[in-house]
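Trainee: Hi! Could you walk me through this one while I have it open?

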Amino acid sequence: MKLTSSCETVPVASRSLRTGLRLAIAAAALLLNAGAASAADYPSKPIRFLVGFSPGGGLDISCRYWAQKLIALTTQQVIVENRPGAASELAVRLLMASTADGYTMLCASASAGILSSKPNPPFDIRTDVAPVIQMTQFTFVLYVNRESPVKSVAELIAYAKARPGQLNYGSVGMGSTTHLAFELFKLTTGIDVVHIPFKGTAQTAAAMIGGEIQIGLDGIASLKPHFESGRLRPVAVISAKRSSALPDVVGMQEAGIAGINVITWTGVVAPAKTPKKLIDTLNAHFNTILKDTDVKTFFLSQGYETAGGTPGEFGRLLAEEVATWNNVIRVAKIQFD
């Protein structure tokens with residue numbers, strides 16, 4: 001059917017199509033304007049930080065510190081919500097199910113990268129979340145008992161190779177970053193050392209002092225009191241270069257070991273479909289916070305160095321880490337509980 005006017009004859013279907021297109025264009029413009037406005041007004045309500053571990057731990061302390069700084073910068077309330085369980089898996093899953101509006105984020109750590117590196121992983125940190133920013137970085141320190149004859153990496157390797165399968169090393173748990181990092185050290189240097197997992201740093205250090213293990217690998221800040229008292233001796237950090245948190249101790253490159261640069265991290269991630277403008281706004285806020293001298297001093301006292309950078313840089317770090325740990329898990333045939 002056609003409708004006729006004094007000016008022209010227009011098919012009804014054609015006119016309906018044009019009307020629909022105009023409405024669609026108008027709706028798209030409204031959505032774009034709404035997105036721009038929401039990014040400009042962000043944040044306009046309380047922000048929620050999820051933490052995948054119990055209160056009082058290192059990541060929880062860091063996250064609460066970031067929250068206070070973000071409150072001061074944006075004058076908006078920030079709520080820290082602990083959702084411990086399965087090495088942060090529960091918190092990551094909760095983030096993935098949250099609305100991608102910039103008001104729910106996860107304070108993440110390297111444990112999330114390890115979970116993504118396992119066979120049949122529960123999620124993929126590279127694609128199932130949106131990287132916002134790397135907040136800090138830190139490495140681990142190889143250490144021995146003060147009675148040990150080992151004083152350098154070369155001596156440690158020689159000592160272990162002369163005693164294949166006879167020495168024990170301690171980590172803070174099966175599948176932990178310290179476990180995988182030492183397995184990388186073993187694969188790179190060709191030593192044969194038995195893994196003894198513990199529940200935490202205190203138990204590992206006690207085992208070292210008591211002679212149950214001969215080599216340890218753990219966080220710098222937690223071991224500093226033992227180094228200062230002389231009960232334990234640092235041998236090297238397991239990053240390529242020295243750490244600002246332990247500047248007198250050599251890194252792997254200086255020790256003559258190529259191919260090892262374990263830099264673990266903390267950072268902020270958001271739901272995968274969070275708009276880029278909101279991600280960029282958040283990234284700018286956190287970069288401003290990390291430039292503060294007091295913030296740098298605080299984290300250095302905790303054994304961390306502040307990081308910062310772009311979402312893309314953080315995303316590349318996550319991808320590289322998953323590839324590294326996936327290879328270590330496969331080659332070393334690591335079994336998870």
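This is a predicted model: local features need pLDDT of at least 70, side-chain atom pairs count only at pLDDT 80 or more; totals for chains, interfaces and linings use all residues.

Trainee: Which side chain meets Glu-89 in a salt bridge?

Mentor: Arg-93, at 3.0 Å from N to O. A salt bridge is a side-chain nitrogen of Lys or Arg within 4 Å of a carboxyl oxygen of Asp or Glu. Arg-93 is partly exposed, with a relative accessible area of 39%. The two residues are four apart in helix α3, so about one helical turn separates Glu-89 from Arg-93. Helices (H or I, at least four residues) and strands (E, at least two) are DSSP runs, numbered from the N terminus.

Trainee: How many salt bridges does a search of the whole structure find?

Mentor: Ten. Another one pairs Lys-276 with Asp-280, at 2.7 Å from N to O. Both of these residues lie in helix α9 (residues 276–290), four residues apart, about one turn of the helix. Lys-276 is exposed at 61% relative accessible area, whereas Asp-280 is partly exposed at 32%.

Trainee: And which residues are linked in a network of salt bridges?

Mentor: Arg-48, Glu-81 and Arg-83. Within that group, the side chains of Glu-81 and Arg-83 meet at 2.8 Å, N to O. Glu-81 counts as buried at 19% relative accessibility, and Arg-83 as partly exposed at 38%.

Trainee: What about Arg-233: is that residue buried or exposed?

Mentor: Arg-233 is buried, yet has no salt bridge. Its nearest side chain of opposite charge is Glu-155, 6.8 Å away. For charge, Lys and Arg count as positive and Asp and Glu as negative, with His and the chain ends not counted.

Trainee: Which residue has its backbone oxygen 2.8 Å from a polar atom of the Arg-233 side chain?

Mentor: That is Arg-146. Arg-233 itself lies in strand β11 (residues 232–237). Leaving aside neighbours within four places in sequence, Arg-233 is in contact with residues including Tyr-143, Arg-146, Pro-149 and Phe-227. Contact means heavy atoms within 4.5 Å.

Trainee: New topic! Where is Leu-115?

Mentor: Leu-115 sits in helix α4 (residues 110–117) and is buried, at 8% relative accessible area. Beyond four places in sequence, its contacts include Ala-86, Ser-88, Glu-89 and Phe-123. The C-alpha atoms of Leu-115 and Gly-175 are 8.9 Å apart, although 60 residues separate the two along the chain.

Trainee: You mentioned Ser-88. What is its phi?

Mentor: Near 90 degrees, a positive value in a residue other than glycine. Most residues other than glycine have a negative phi, and most peptide bonds are trans. Ser-88 is in the loop between β4 and α3 (89–96) and counts as buried at 6% relative accessibility. Thr-75 also has a positive phi, near 60 degrees. That residue is in the loop between α2 and β4 (78–82), and counts as exposed at 71% relative accessibility.

Trainee: Which residues does a cis peptide bond join?

Mentor: Tyr-42 and Pro-43, with omega about -5 degrees. Pro-43 is in the loop between α1 (12–41) and β3 (47–51).

Trainee: Last one: at roughly what angle do the axes of α2 and α10 cross?

Mentor: Roughly 170 degrees, and the axes of α2 (residues 58–74) and α10 (residues 293–301) come within 12 Å. The two helices are therefore roughly antiparallel to each other. Residues making the contact include Tyr-65 and Trp-66 of α2, and Phe-298 and Phe-299 of α10. Axes are lines fitted to C-alpha atoms, for helices over the stretch in contact, and angles run from 0 to 180 degrees between N-to-C directions. Angles under 35 degrees count as roughly parallel, over 145 as roughly antiparallel, 65 to 115 as roughly perpendicular and the rest as oblique.

Terms used:
Residues are numbered from 1 along each chain as its sequence is written. Side-chain values use heavy atoms; hydrogens and water are left out. Buried means under 20% relative accessible area, exposed over 50%, partly exposed in between (1.4 Å probe, protein chains only). A polar contact is a pair of N or O atoms within 3.5 Å; within protein, one must be able to donate a hydrogen and the other to accept it, and residues adjacent in sequence count only if both atoms are side-chain atoms.
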